[in-house]
Amino acid sequence: MEKNEDDYFIRIINLRKSFGNLHVLRNFNLNVKHKERVIIVGPSGKGKSTLLRCVMGLEEMDEGEIFVEDRPYIISGSSRKYQISKEIQLQIGMVFQSFNLFPHLTVMQNLLLAAVKVRKMSQKEAFEKSLNLLKKIGLEDKMNEYPSRLSGGQKQRVAIARALVMDPKIMLFDEVTSALDPELIKEVLDVMEQLASEGMTMLVVTHEMGFAKEVGDKVIFMDEGTIVEEGKPEVLFSDPKEKRTRQFLSHFL
Amino acid sequence: MGYKFSFDVIWENADVLISGFWVTLQITGISIVLGLLLGALIAILRLSRNFVLSKITAGYIEFFRCTPVLVQLVWIFYCLPIVLRIELTNFISSIIALTLYVGATYGEAFRSGIQAVSKDQIEAGIALGLSSAQRTRYIILPQAVRIIIPVLLSNSISLFKESSLVSTVGMNDLMYKGRLLSATTFRPIEILTTVAMIYFVFAFPIALITRKLEVKLAKKLER
């Protein structure tokens, strides 16, 4: 049977990345289909964030290729010094562990900035779109507040909305609940679940195993910069094949 | 028989002190404006990726920050005309020296303010597709300015006081007039105290505003 590559939204091929002598990612391959939710779990400091950062274009790969809808992400240059396609980069949205809202701008201004300056929407169009997103995450009453007046959970929901204004085709979530107090985690996961139910393609690095089981189409266990095991969540969580996976998951029981 | 304070001498010579203060304000004001321009240029060079330019600028900054302003003044007043074979009035050489000095401190304030904006903020900008120029314009500079303004104000107060050194190259500023009057009236205590009060009355409110502003602006940058 011929493999239909059109099914894949993003293909990451043979990604390698090291910081000095530390090999963070090696021989890393991952395909994500349209509308697929891929959850990446694994010990801290073993390349999960770096993977997302390479996809977002915040980190340069040492080697490897990324294709988005079969178009190459790297448009010129070779390893370590290359140009990525801005057009493709704009299809990718990212949410960070530390929220990274712009502190000098109100909630609404945080959402408007790139919509107006990058997407070139009119003020009115961008405002309406932002307002709808804020309504969706239940924070329209906070639109004129500065981020410092929001709780961590609210900040992270705004950060998700800020990424969504740009109409990304895939969303990257980098341990977005790790910096939150336990009672604030659910409100952020709820927003992500809603997003998943609307068919967003998602690549999620998380320690929330409940969320991984609930939302993931595929769960990847990553250690030492490479994929140790992957599978459907119900299979991987209940019957992991690899010893390292079992060891890691035992911490969450 | 003790010393009898007499402040009459102040009122009699008020016009002399006022004309001196006017010169002080001119010299400080012009040096601040030119220093801001120089400081901005210095910060750009210091932060440039060109290693040589960056290091030369760093050398300039450290030289002017770490040597006495008095020496800088004297050097520019006496030596620069010899080296460049030009004539400089003491007004011009005072401006040059103070501008070079304050430009170095402003430049350092600009640099540290810009670098104080966290990498996370820049990355959030990249993830939203903002170009490098847009990130500078909409993310880095607005945040840096809030960090920089109190530092600039505090540097400017220092410059205002340091400007009294121009009296040593014969510039007829407030300090010069004060010393002149002290010598001619034999009332140095009254006159120098008054001179100090004039500096204080002008600088203290700015120092207060700086403190208030610092707290207020820092609050705005809380995340």
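Q: Which residue of chain B forms a salt bridge with Arg53(A)?
A: In this predicted model, the rule finds 1 salt bridge across the interface of chain B and chain A. The closest N and O atoms of the pair are 2.6 Å apart, and a salt bridge requires such atoms to be within 4 Å. The partner of Arg53(A) is Glu123(B).

Q: Which element gives the most to the side of chain B that touches chain A?
A: Between chain B and chain A, 8 residue pairs are in polar contact. On the chain B side, α6, α7 and α9 (188-220) each give two or more residues. With 8 residues, the element that gives the most is α6(B).

Q: How much area is buried between chain B and chain A?
A: The contact involves 22 residues of chain B and 25 residues of chain A. Carbon and sulfur atoms give 62% of the buried area. The area itself is about 2000 Å².

Q: Which element supplies the largest share of the lining of the largest pocket?
A: The lining of this pocket has 43 residues, and those nearest its centre include Arg49(B), Ile122(B) and Arg135(B). Chain A elements giving two or more residues are β1 (8-19), β7 (81-84) and α2 (86-89), while those of chain B are α2 (14-47), α5 (90-116), α6 and α7 (132-162). The largest share is 9 residues, and it comes from α7(B).

Q: What is the volume of the largest pocket?
A: By class, the lining of the largest pocket holds 19 nonpolar, 11 polar and 13 charged residues. Ser132(B) and Ile126(B) are also among the residues nearest the centre. The volume of the largest pocket is about 1500 Å³.

Q: How many charged residues are in the lining of the second largest pocket?
A: This pocket has a volume of about 160 Å³, and its lining includes Phe63(B), Phe64(B), Trp75(B) and Leu100(B). In chain B, α3 (51-65) and α4 (69-84) each supply at least two lining residues, and the largest share, 5 residues, comes from α4(B). The lining divides into 8 nonpolar and 2 polar residues, and the number of charged ones is none.

Q: Which element of chain B supplies at least two residues of the lining of the largest cavity?
A: The largest cavity has a volume of about 100 Å³. Of its 13 lining residues, the closest to the centre are Gly93(A), Met94(A), Ala163(A), Ala127(B) and Leu128(B). By class, 11 of the lining residues are nonpolar, 1 is polar and 1 is charged. Chain A contributes through β8 (92-95) and α5 (152-164), and the element from chain B is α6 (119-127).

Q: Which element gives the most to the lining of the second largest cavity?
A: The lining of this cavity includes Leu133(A), Ala161(A), Val191(A) and Leu195(A). The elements giving two or more residues are α4 (123-136), α5 and α6 (182-197) of chain A. With 3 residues, the element that gives the most is α6(A).

Q: What is the volume of the second largest cavity?
A: A search of the whole structure finds 3 cavities of 30 Å³ or more. The volume of the second largest cavity is about 70 Å³.

How values were computed:
Residues are numbered from 1 along each chain as its sequence is written. Chains are lettered from A and ligands numbered from 1 in the order in which they are written. This is a predicted model: local features need pLDDT of at least 70, side-chain atom pairs count only at pLDDT 80 or more; totals for chains, interfaces and linings use all residues. Side-chain values use heavy atoms; hydrogens and water are left out. On a 1 Å grid over the protein atoms alone, a cavity is a set of points where a 1.4 Å probe fits but cannot get out, and a pocket is an open set with protein on both sides within 12 Å along at least five of seven lines; lining residues have an atom within 4 Å of a point. Grid points are joined across faces, edges and corners, and a volume is the space filled by probe spheres set on the points. Helices (H or I, at least four residues) and strands (E, at least two) are DSSP runs, numbered from the N terminus. Ala, Val, Leu, Ile, Met, Phe, Trp, Tyr, Cys and Pro count as nonpolar, Asp, Glu, Lys and Arg as charged, and the others, Gly among them, as polar. Contact means heavy atoms within 4.5 Å. Buried area is the accessible area (1.4 Å probe) that two parts lose on being put together, summed over both. A salt bridge is a side-chain nitrogen of Lys or Arg within 4 Å of a carboxyl oxygen of Asp or Glu. A polar contact is a pair of N or O atoms within 3.5 Å; within protein, one must be able to donate a hydrogen and the other to accept it, and residues adjacent in sequence count only if both atoms are side-chain atoms.
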